[in-house]
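I opened a notebook on this model and began with its charged pairs. The entries follow in the order I looked things up.

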Amino acid sequence: MDIRFLQSFVAVVEYGSFAEAARRLGLTPNAIAARVKALEDALDIPLVQRAGRTVMPTQGGLRILARSRAVVRDVRDLGAMAHDDSMGGELRLGVSSSALTGLLPRILKRLYARHPRLKIFVEPGTSSHLYRSVVSGDLDAGLIVMPQFAMPKAFAWKVLVEEPFIVLAPGALAHREPHDLLRSEPFIRYDRAMWGGMVADRYLQSHNIAPHERLEIDALNAIASMVDAGLGVSLVPDWARPWPEGLDVARIALPKPAPVRRIGLLWSPKGPHAAIAEAFLASVG
């Protein structure tokens, strides 16, 4: 059985389409479909099925999915192990949305200056999803918001940046007191399903602030744009630039001590690519 067949099957399931799997693997959709069909023929069972515009695994596909991921991961690491090359292979790095444009580029610039031949696959997503992927072994490391619970002892965690929460308000309201804004103005809530949003929600509760909620959303850039449009104020972390251009918004500090959103790296010190993860950490300015 060709390992590329398994790789294509896993990619189709993860990305929900032949087209996106093809884009990620640098192939054509027809080539991906042919590989999945060859795997189905070899196993004599359908593995994927269409559900509207999405491709989903069949029951048979679900039964082999976890093992297929493990086989693909093990083969990916085999070259580095055979050559005893701690910096070989490909680091699969999950990166939360706000770190993707703010924190990651600066780190990668320093990392590639020192190790220009490194291979890194970046998977964007929410911190909770990426956390599960790191713990399950689907990803080698995650640049994520700090979880709001204890992490497994088998994994290492290093805080890279602390972002204090601020009140984000239209520029015309810059003179107002932050708690007064939160109590009186329409409120754009940072999604409580996000770990950073949980921190904001606890702050509001601890200060007995019941805002006049208008929207709830998990995209910080979108929140900033909505505040600029005069739709309300928000309680968000003062995240790393770049921000959307041309915004007329005020970043108003909270009374001390303000809560913080911590972003850091989660990885397994005993994983096959621990050395690359540690080189990544060493490149943080």
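Entry 1: I looked up R92 and found it buried, at a relative accessible area of 14%; buried means under 20% relative accessible area, exposed over 50%, and partly exposed in between, with a 1.4 Å probe and protein chains only. The model is predicted: local features need pLDDT of at least 70, side-chain atom pairs count only at pLDDT 80 or more, and totals for chains, interfaces and linings use all residues. Residues are numbered from 1 along each chain as its sequence is written, and side-chain values use heavy atoms, with hydrogens and water left out.

**Entry 2: its partner.** I noted that R92 forms a salt bridge with E123, with the closest N and O atoms 3.9 Å apart. A salt bridge here is a side-chain nitrogen of Lys or Arg within 4 Å of a carboxyl oxygen of Asp or Glu. R92 sits in strand β3 (residues 90–96) and E123 in strand β4 (residues 119–125), 31 residues apart. Helices (H or I, at least four residues) and strands (E, at least two) are DSSP runs, numbered from the N terminus. E123 is also buried, at 13% relative accessibility.

**Entry 3: another pair.** I found R262 in a salt bridge with E162, the closest N and O atoms being 2.8 Å apart. R262 belongs to strand β11 (residues 260–267) and E162 to strand β6 (residues 156–170), 100 residues apart. R262 is partly exposed at 32%, and E162 is partly exposed at 45%. I counted 16 salt bridges in the structure.

**Entry 4: domains.** I read the chain as domain 1 (3–78), domain 2 (90–161 + 263–282) and domain 3 (163–260); these bounds come from an automatic or database domain assignment. Which parts of domain 2 and domain 3 touch? I found 17 residues of domain 2 in contact with eleven residues of domain 3, contact meaning heavy atoms within 4.5 Å. The count of salt bridges between domain 2 and domain 3 is zero. Helix α7 (127–136) is among the elements giving two or more residues to the domain 2 side, and α7 gives the largest share, three residues.

**Entry 5: a leucine.** I checked L220, which lies in helix α10 (residues 220–228). L220 is buried, with a relative accessible area of 7%. Beyond its neighbours within four places in sequence, L220 is in contact with S98, Y190, V236, P237, W239 and R261. I also noted 18 Å between the C-alpha atoms of L220 and P147, 73 residues apart along the chain.
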